[in-house]
Amino acid sequence: MKCKVIQDLLPLYCDKLTSEESNELIEAHLHDCGDCTEIYEAMCKKTELPLPETEKDLRPLKKVKRSTMIRAAIGFGAGALLLGSIVLFCCYGVIPIHSDQLTITPSFFTDVVSSWEMDEDGAPTNVDKEEQQFLLVNFSGDCKNIRNSHNVQYEYLSDGSMISHYEITIYPVLGFPFDDLGKNSHQFNWYLPVKDAENGSTLTVHCWDQEMTIPISELYAQAE
């Protein structure tokens, strides 16, 4: 077989892609031809050249690095979530106050209330000022600070009158660093119309251990 043909087959022979019959012919030719043998040896050495040590070493390191980065990201996310939860619970306050830590004190408060009508030009007219009495309910927590969330629902009766059902939740708050929450940040005042003491209105206070529903008439009686 001619050298040119053998040399064309050598790449396939080095990659072990030739048939057994072709292998026999190639090997017989290499046995007798020094030029083709030299080309074969050079070609096979190039084909079987081992990977550089640095590249072989980097492959497992890359996998370890990727795994480490994933674990670090998961750990960082979990840590941030935990820290955020601690800050939320301690500094902002999400658990209602215990009823034993809360003192409710009603009293009366008088203020000047203005009323007026609007003329054709949109200016106030017939301005009237009068003193009105309000029921002031003071919530005081046995803690550093408190915050509240409140709501009111109205019940309309068949005679056209309306009953107010007030709801409030008090939360103890540790406070964020450098927060200036004021001197009496452990207290909160809520003003209610005195008329609510006459129509069956109620105040519901949501605590951690219980829910207290107090008639406004009862608070009115305590304030007298």
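Buried means under 20% relative accessible area, exposed over 50%, and partly exposed in between, with a 1.4 Å probe and protein chains only. The model is predicted: local features need pLDDT of at least 70, side-chain atom pairs count only at pLDDT 80 or more, and totals for chains, interfaces and linings use all residues. Residues are numbered from 1 along each chain as its sequence is written, and side-chain values use heavy atoms, without hydrogens and water.

**Exercise 1.** Trace the pairing partners of strand β4.

Solution. 
- Step 1: recall the rule. Two strands pair if DSSP finds at least two bridges between them.
- Step 2: take β3. Strand β3 (residues 145-156) runs antiparallel to β4 (residues 162-173), with 12 bridges. Y154 stands opposite S164 in β4.
- Step 3: inspect the hairpin. Five residues sit between strands β3 and β4, and G160 takes a positive phi near 95 degrees.
- Step 4: take β6. Strand β6 (residues 202-206) pairs with β4 in the parallel sense over five bridges. I168 faces V205 in β6.

**Exercise 2.** State how many helices and strands the chain has, and what share is buried.

Solution. 
- Step 1: count elements. The chain has five helices and seven strands.
- Step 2: read the order. The pattern is α-α-α-α-β-β-β-β-β-β-β-α.
- Step 3: check burial. Of the 224 residues, 24% count as buried.

Terms used. Helix = DSSP H or I, 4+ residues; strand = E, 2+ residues; numbered from the N terminus.
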